[in-house]
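Welcome! Please take a look at the sequence and the 3D structure below, and then we can walk through them together.

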Amino acid sequence: MTEWVVRPDGGRPEQRACPHAADAGPAPVPRSGVCMECAAQGRTEGRVRLCLTCGHLGCSDSAPGAHATAHYESSGHPLARSTEPGEAWAWCYVDEVFLRPRDGRSPHSA
């Protein structure tokens, strides 16, 4: 299980806290291997984010659909992590901070 903490700089100059990080449980099993909303539109987006509440995979904000953010807006699930190899970070939509694994290990192996 990956335990998340706010990055030292908080990802923001305000150095905000994030109480949602403590609520993150075991990494959910992704519902699919791709952003299903993009797939339904005939697109394949490589940069997807995993909702740490339910396992929804949505494309990043740099994709036309920004489906990870849309999932947060419709569900209220606050945390999503990168699924990119070599990237060990998550984002809290509520507190607008970047998180990192407490132990420094990749969440992909957790």
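In the hairpin of E5 and E6, which residue takes a positive phi? That residue is Glu-96, with a phi near 55 degrees, and the hairpin has 4 residues between its strands. What you see is a predicted model, in which local features need pLDDT of at least 70, side-chain atom pairs count only at pLDDT 80 or more, and totals for chains, interfaces and linings use all residues. Residues are numbered from 1 along each chain as its sequence is written, and side-chain values use heavy atoms, leaving out hydrogens and water.

**The whole chain**
- The chain has 2 helices and 6 strands; these are DSSP runs, numbered from the N terminus, of H or I over at least four residues for helices and of E over at least two for strands.
- Along the sequence, their order is β-α-β-β-α-β-β-β.
- Of the 110 residues in the chain, 42% are buried (buried means under 20% relative accessible area, with a 1.4 Å probe and protein chains only).

**Strand E6 and its partners**
- In a regular strand, side chains alternate between the two faces of the sheet.
- Strand E1 (residues 4–6) pairs with E6 in the antiparallel sense over 3 bridges (two strands pair if DSSP finds at least two bridges between them).
- Within that pairing, Val-5 has Arg-100 as its bridge partner.
- Strand E5 (residues 90–92) also runs antiparallel to E6, joined by 3 bridges, and Cys-92 stands opposite Val-97.

**Helix H2**
- Helix H2 covers residues 67–75, and His-67, Ala-68, Thr-69 and His-71 are buried in it.
- The buried residues of H2 pack against helix H1 (36–40), strand E2 (48–51) and strand E3 (57–59).
- After H2 comes Gly-76, whose phi is positive, near 80 degrees.

**The largest pocket**
- A pocket is an open set of points on a 1 Å grid over the protein atoms alone, where a 1.4 Å probe fits, with protein on both sides within 12 Å along at least five of seven lines; lining residues have an atom within 4 Å of a point.
- The largest pocket holds about 170 Å³ of space, where volume is the space filled by probe spheres set on the points.
- Its lining includes Arg-49, Asp-61, Trp-89, Trp-91 and Phe-98.

Definitions and conventions: Buried means under 20% relative accessible area, exposed over 50%, partly exposed in between (1.4 Å probe, protein chains only). Contact means heavy atoms within 4.5 Å.
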